[in-house]
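This report describes helix packing and nonpolar cores in a single protein chain. The sequence and the model are shown first, and the description follows.

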Amino acid sequence: MPDYGRFCPVALGSEVLADRWTPLIVRELVLGNTRFNDIARGLPGISRSLLVQRLRHLERMGVLDLWPSPTGRGNEYHLTAAGKDLGNVVVELGRWAVHWLFDDLRPEDVDAVNLLWWMHRRIDEANLPDSRVVIEFVHTAPTRTVIWMVLDRGEASVCLQHPGFDPDLVVTTTTRALAEVFSGFTTWADAVSSEEITVAGPPVLTRRFARWFLWSPFADDTREMVRARA
């Protein structure tokens with residue numbers, strides 16, 4: 001049989017993107033992760049050796065460039081113009097999945113640590129308070145877990161150990177309830193109203209909390225599907 005791989009644009013594009021991990025690696029780069037460990041952190045289950053292979057593949061295909069780290073140690077991965085454009089393909093793939101595979105979406109499958117990792121990458125810097133805010137997330141189920149998020153000068157970090165600062169806010173929730181807000185299955189206001197999520201702290205901070213987060217890039221599509229199913 002003749003090989004039409006160099007004639008068909010879909011076949012040609014598949015050489016860049018069509019394997020299990022590559023679209024997810026591009027997703028991490030689109031979300032702003034440039035360091036190897038941060039990219040790996042967003043991809044639970046991938047081996048470091050496979051991640052190295054996939055990053056080299058994307059570099060060879062002109063999707064990313066390797067830059068020296070400003071710290072002088074190691075390198076960073078940055079999307080090229082072609083890579084940024086490929087990000088649009090990945091986003092559309094996610095939107096397609098929400099609309100056509102909606103019944104297979106399971107927000108309860110995410111664990112507390114990875115959920116907070118996702119949230120810290122979806123911060124609305126324009127709405128963050130001027131001073132440092134420490135948020136303590138107390139997950140009551142399915143496993144009791146306490147995780148801290150520190151918002152400071154437009155930067156967000158996730159701490160699995162106590163950060164050394166007293167929390168300004170304490171958010172008590174199940175992992176599923178918070179994941180459903182992040183994904184768009186429900187709203188922050190509804191989750192708080194139903195007491196599935198409670199927030200303790202100064203009212204000036206509790207009122208603004210939801211505006212600090214952009215939530216999932218697919219939250220609007222998910223809300224649309226929820227309304228359509230109602």
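Which residue just after α7 takes a positive phi? In this predicted model, the residue is G184, with a phi of about 105°.

**Helix α7 and its surroundings**

Helix α7 is mostly covered, with 8 of its 9 residues buried. The buried residues are T175, A177, L178, A179, E180, V181, F182 and S183. They pack against helices α6, α8 and α10 (219-229) and against strands β3, β6 and β7 (197-200).

**The nonpolar cores**

The largest nonpolar core comprises 29 residues, and those with the most contacts inside it are M119, I135, F137, F209, W212 and F213. At least two residues of this core come from each of α6 (112-120), β3 (133-139), β4 (145-152), β6 (169-173), α7 (175-183) and α8 (188-193). Another core, of 21 residues, lies apart from the largest one and includes W21, I25, I46 and L50.

Within the largest core, F137 is one of the residues with the most contacts. Leaving aside residues up to four places away in sequence, F137 touches L116, M119, T145, V146, I147, M149, V171, L178 and F209. In soluble globular proteins, nonpolar side chains tend to be buried together.

**Packing of helix α2**

Helix α2 packs with α5 and with α4, and the geometry of each pair is listed below.

| Helix pair | Angle between axes | Distance between axes |
|---|---|---|
| α2 (22-30) and α5 (81-100) | about 115° | 9 Å |
| α2 and α4 (48-60) | about 75° | 10 Å |

Angles of 65 to 115 degrees count as roughly perpendicular. The angle of about 115° therefore makes α2 roughly perpendicular to α5. Helix α2 passes α5 in a left-handed crossing. On the α2 side, the contact is made by P23, V26, R27 and V30, and on the α5 side by L86, G87 and V90. By class, the residues of this contact of α2 with α5 divide into 5 nonpolar, 1 polar and 1 charged.

For the other pair, the angle of about 75° likewise falls in that range, and α2 and α4 are therefore roughly perpendicular to each other. Here T22, I25 and V26 of α2 meet L51, R54, L55 and L58 of α4. The contact of α2 with α4 has 5 nonpolar, 1 polar and 1 charged residues.

Residue V26 of α2 takes part in the contact with α5 and also in the contact with α4.

Definitions and conventions
Residues numbered from 1 in each chain as written. Predicted model: local features only at pLDDT ≥ 70, side-chain atom pairs only at ≥ 80, totals over all residues. Heavy atoms only, no water. Core = buried A, V, L, I, M, F, W, Y, C linked by side-chain atoms within 4.5 Å. Buried < 20%, exposed > 50% of the residue type's maximum accessible area, 1.4 Å probe, protein only. Helix = DSSP H or I, 4+ residues; strand = E, 2+ residues; numbered from the N terminus. Contact = heavy atoms within 4.5 Å. Axes fitted to C-alpha atoms, helices over the stretch in contact; angles between N-to-C directions. Parallel < 35°, antiparallel > 145°, perpendicular 65-115°, else oblique. Left-handed = near helix turned anticlockwise from the far one by under 90°. Nonpolar A, V, L, I, M, F, W, Y, C, P; charged D, E, K, R; others polar.
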